[in-house]
Amino acid sequence: MNIDRPPGDFQHTEQGFVGRSWTGVKRWSSENPRLSRVVWFAVALVLLALLIWAIYPAKQASQRGRFNTGAQPVGVAKVVSGDVNVTLNALGTVTPLATATVRPQVSGMLIKINFTEGQMVKAGDVLAQIDPRPYQAALDQARGQLARDAATLANAKVDLQRYQALQAQNAIAAQQVATQASTVKSNEGIVVSDQANVESARINLGYTSIVSPVSGRAGIHLVDIGNIVSAGQSNGIVTVTQLTPMSVLFTIPEDNVHSVLEQVNSGATLAVDAYDRSQTVKITSGSLSAVDSVVDPTTGSVKLRAMFDNQDNKLFPSQFVNVRLLVSTLHDQTVVPVAAIQRGADGTFVFVVSPEKTVAQREVKTGVQDGDNIQIVSGVKPGDTVVVDGADRLRDGADVEIPAGGKIAVPSSSGGASDAERTKRRAEMQALLAKSCSEDIKKLCPDAKPGTREARMCLFQNRDALSADCSKAMSQMRRGAGAGGRRGGGGGGGAP
């Protein structure tokens, strides 16, 4: 028969049982002091073992997470064969071929302006008009004087002919004939002077129409209608600037003049590109037209002029532009991105990627830089794969991860003794690792083949469980890779 008990009775019973048990344990400990110490020590060891067992899987997972960073992710690029442009960069100033300040050549009142500010005008277009009436009157007066003196000359010539006929008949004295001939010469001089006065008055009348001397863009007018202008005044009427074609003046160091003159003297036309201030946007293209004949002794540079068609008016007078002069083009050159070039204590080098996804440090000799690419004189060959991103975290022999789909070709040999030594050392290390860790690979990495990258990764992941011989071989391999990386100044962080 079941008897129902209140919940408090069960709790009271449980607490009483625990209390009685603890009392019994204390009594037993006091009765057996030596044995109790041994038992308590054993219990502590069991608890410590349980704690280590609980923590150990997390540590292994942490090690696996650290292993994922062993193979450094990098960006790669292929070494290619292509053309390299030899260019000279300089700062240039847009300089018009003609800039004319239109000034009045006669005095008078300005009665008309025939242009709008910023208008494109042609040579000979009438830009402004000065009151022509005083100059028209002066021309008429000069013409009247000429007509009167021309009539006097004609009369003198008739008298001279009459006197010469009478002299032939010995009717008059020879002196009278000579005097008349002198009068004719004097009148001829007066007529010539009058003709010059007429021409001068005609020219002054023409100057009342102020014309543009060149074709170009008219600027802001400097004199308003109704003002009195005078010949040779300083401010003028308006400034006209020729815009097409347009030239750019720039300078290059004197050391580069000979290479430019060599191309110019051979008849080549050198291309010139004008870029904006940031050197990212090309404004227009033209050609080199002239090289100055002297070197500026204060700067050690030579001035050059480039011509641009400028039909789209992209070049503005006095604008500063970045000039890129194409001197020559080198064909079939070994080219890599500039980002692949690393610099260390021994010079420039690159990291060449192998099909096993490891990198080898390769010393290179660089040449001409063309934009984002640079010429390689020696060290690598077309078809090699080099690291262009993440090289600062690599060292010789490090494992790398590359983007999916990238196929790595077998790298070429640079022919240097250092490459052969590194290849031999790496082969010896891999052979030692395969020999010393064969049992560990079978035990810890049954699916990996000895000598492969997967096997090395697995050993690195389980390095706390390796045998003594395998751990020693792993340490030697890491030291060997570190020695190769320190020579080039690369950063650490590569996998063994």
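This is a predicted model: local features need pLDDT of at least 70, side-chain atom pairs count only at pLDDT 80 or more; totals for chains, interfaces and linings use all residues.
1. With a relative accessible area of 0%, Ser-247 is buried, since buried means under 20% relative accessible area.

2. Which partners does the side chain of Ser-247 have in polar contacts? A polar atom of this side chain lies 2.4 Å from the backbone oxygen of Thr-95, and a polar contact of 2.7 Å joins the side chain of Ser-247 to that of Arg-305. When neighbours within four places in sequence are left aside, the residues in contact with Ser-247 are Thr-93, Val-94, Thr-95, Leu-97, Arg-305, Ala-306 and Met-307.

3. A separate comment concerns an open sheet of four strands, in which the order is S4-S11-S9-S6 and the pairing is antiparallel. Which strands stand at the edges of this sheet? Strand S4 (99-102) and strand S6 (120-121) do, and each has a single partner strand, so one side of each is left without a neighbour in the sheet. The partner of S4 is strand S11 (residues 238-241), and four bridges join these two antiparallel strands. Ala-100 stands opposite Val-240 in S11.

4. How many salt bridges does a search of the whole structure find? The search finds seven, and one of these is the pair Glu-199 and Arg-202, whose closest N and O atoms are 2.7 Å apart. Both residues lie in helix H4 (residues 174-207), where they are three residues apart, about one turn of the helix. Glu-199 counts as partly exposed at 38% relative accessibility, and Arg-202 likewise counts as partly exposed, at 37%.

5. Another salt bridge is formed by the side chains of Arg-148 and Asp-149, with an N to O distance of 3.8 Å. Is each of these residues buried or exposed? Arg-148 counts as exposed at 51% relative accessibility, whereas Asp-149 is buried, with a relative accessible area of 11%. The value for Arg-148 should be read with the cut-off in mind, because exposed means over 50%.

6. Arg-393 and Asp-392 also form a salt bridge, and the closest N and O atoms of this pair are 3.9 Å apart. This distance is to be read against the cut-off, because a salt bridge requires the nitrogen and the carboxyl oxygen to be within 4 Å. Arg-393 is partly exposed, with a relative accessible area of 35%, whereas Asp-392 counts as exposed at 53% relative accessibility.

7. A last point concerns Met-457, which is found in helix H8 (residues 453-461). Met-457 is buried, with a relative accessible area of 18%, and this assignment follows because the cut-off for buried is under 20%. Met-457 and Cys-445 are twelve residues apart in sequence, and their C-alpha atoms are 9.6 Å apart in space.

Technical notes. Residues are numbered from 1 along each chain as its sequence is written. Side-chain values use heavy atoms; hydrogens and water are left out. Buried means under 20% relative accessible area, exposed over 50%, partly exposed in between (1.4 Å probe, protein chains only). A polar contact is a pair of N or O atoms within 3.5 Å; within protein, one must be able to donate a hydrogen and the other to accept it, and residues adjacent in sequence count only if both atoms are side-chain atoms. Contact means heavy atoms within 4.5 Å. Two strands pair if DSSP finds at least two bridges between them.
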